[in-house]
Amino acid sequence: MRTVEDEQEAFRVRTKKSAKAWETAKRCTPFGVHSNYRLLDPYPVYVHRAKGSRIWDVDGNEYIDFNMAFGALVAGHSHPVLAKAIQERVANGTIFGFEGEDAAPLAAHMAKRFSVDRIKFSNTGLEGTLFSIRLARGVTGRTKIMKFEGCYHGSHDALMVSIKPTPDREGDPRRPTPVPSSKGLVPQLTKNTVIAPFNDLEATEALVRENADDLAGIILEPIPMNMGFILPKPGFLEGLRDLADDTGAVLIFDEVKTCGKWYGGAQEAFGVEPDVKVFGKAIGGGFPLSAVGGKADIMDQVVPGQIAHAGTFNANPVSMAAGLVTLTKILTPAAMKRAQGIGDSLAKGYIDVIEDHHLFMKVQYAGISGTVHFTHKPVVDWRSFQGVDVARWGNCNTAMLNRGVIPMATGPDEQWTCSVAHTKADVERHLAAFEEVAEMIKQVQPEMPLVEAI
Ligand SMILES: Cc1ncc(COP(=O)(O)O)c(C=O)c1O
């Protein structure tokens, strides 16, 4: 059996060109990456090309990719139908400074598919959630926004609060202290952000009632996927809907990740209808595309002189063509169902290996995505996520990469994504690699503690 040190050495030997690329990149770019989430220990992998469920790094190593660009590639890498449509699009103009032909049919498709009345397009999830907050403030005339501890909504100031607060700063679990997640934020932003504990409806209700007169909106990921994979407890989303109705706050579901997990997004999975939804990642099939959708009475206030919305690249023809082909031709109901079957078999396979080897881990999943939390306790919120053993996760990740599998992403706060390109054979190879790694993980895990009820 290989040790942790053997795996680290094997990784360095296999990825010499990535190490070199990192040194070059660091000359002009802090840390050598253009999104800090791409950092990896000991250095990031640099990629040459990708196709279907596969990625090849600059050293020529092939991986089965279950990160899929942090969930943006439910359509798989370079789907042939998408690639053809984009080639045609690019040959006929990439941006006009006028509206193109594809935005209206794409908006109509998305409105029906995701049960919203109106749609406005932008490019990144960040732009979408930023606009959703302005919308909530604009229609209510109030200033405060409630977000949940540990949830991530993109790298913009208003919501860069309490994303990964440390235990010394986070305060009372039922009344978390708003903690800025970056230097450079003005204190007013933190003051106008109310932080609530995910999955604790009673504590959230107390905070909503206390701030009711000023509360413009409540924003959340219906499944928090920036602290692994956390399912909402039964009644939690429904409770938030009732609280928003009672207080007049706008309920916003950040579906940047969840919209690609079921054909109809989170509403299909949980049956709860928010006022506003933010879509991103998977809808563009690998191109930058995001959208805000919502009820007509709210969205129809987005007109000149009332609520502003603008962007040079909004609804650009390339992203529109990509979105239209991805949603209408690739992420069909049948394809999504098949991918969910693949996701189920991966999750169940993980559970079997974990049980067989008595590993100190918890699988949490639904549909095409899930994660292995390196802890014996269920992870239900940010505080329980902090029990995850990051070092052990890293050892496992390195050993999986050495076996040609990208199991999740660059950290334990992410999850796998099974795309329409993945096959049962990909899942079998993923699980075979994990089976090999399991005994190594066992050597470095602490004694299994008694499972405490939480
Ligand atoms: C739930 C959620 N919302 C918003 C964003 C921001 O999206 P983008 O990175 O496209 O700006 C992310 C990105 O990971 C996300 O996971």
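Axes are lines fitted to C-alpha atoms, for helices over the stretch in contact, and the angles between them run from 0 to 180 degrees between N-to-C directions. Helices (H or I, at least four residues) and strands (E, at least two) are DSSP runs numbered from the N terminus. The structure is a predicted model, in which local features need pLDDT of at least 70 and side-chain atom pairs count only at pLDDT 80 or more, whereas totals for chains, interfaces and linings use all residues. Residues are numbered from 1 along each chain as its sequence is written, and side-chain values use heavy atoms, with hydrogens and water left out.

The axes of helix α5 (residues 103-113) and α12 come within 9 Å of each other and cross at roughly 40°, which makes α5 oblique to α12, given that angles under 35 degrees count as roughly parallel, over 145 as roughly antiparallel, 65 to 115 as roughly perpendicular and the rest as oblique. The crossing of α5 and α12 is left-handed, a crossing being left-handed if the near helix is turned anticlockwise from the far one by less than a right angle, and right-handed if clockwise. On the α5 side the contact (heavy atoms within 4.5 Å) is made by A103, P105, L106, H109, M110 and R113, and on the α12 side by M320, G323, L324, L327 and T328. By class, this contact of α5 with α12 has seven nonpolar, three polar and one charged residues, where Ala, Val, Leu, Ile, Met, Phe, Trp, Tyr, Cys and Pro count as nonpolar, Asp, Glu, Lys and Arg as charged, and the others, Gly among them, as polar.

Within α12, L327 is buried, with a relative accessible area of 2%; buried means under 20% relative accessible area, exposed over 50%, and partly exposed in between (1.4 Å probe, protein chains only). Apart from residues up to four places away in sequence, L327 touches L106, H109, M110, R113 and I283. The C-alpha atoms of L327 and L106 are separated by 8.4 Å, although the two residues stand 221 residues apart along the chain.

Helix α12 (residues 317-330) also packs with helix α4 (residues 80-91), at an angle of about 155° and with the axes 9 Å apart, and the two helices are therefore roughly antiparallel to each other. Helix α4 passes α12 in a right-handed crossing, in which V81, L82, A85, I86, R89 and V90 of α4 meet P317, V318, A321, A322, V325, T326, K329 and I330 of α12. By class, the contact of α4 with α12 has 11 nonpolar, one polar and two charged residues.

A further pair is formed by helix α13 (residues 333-356) and helix α16 (residues 424-443), which pack at an angle of about 20° with their axes 10 Å apart, so that α13 is roughly parallel to α16. The crossing of α13 and α16 is right-handed.

Turning to individual residues, T371 lies in strand β12 (residues 369-373) and is buried, with a relative accessible area of 0%. A polar atom of the T371 side chain lies 2.9 Å from the backbone oxygen of E414, and among the residues that T371 touches, not counting those up to four places away in sequence, are G228, F229, M408 and W416. R383 is placed in helix α14 (residues 382-385), and a polar atom of its side chain lies 3.0 Å from the backbone oxygen of E170.

Key. Polar contact = N/O pair within 3.5 Å; in protein donor to acceptor, adjacent residues only side chain to side chain.
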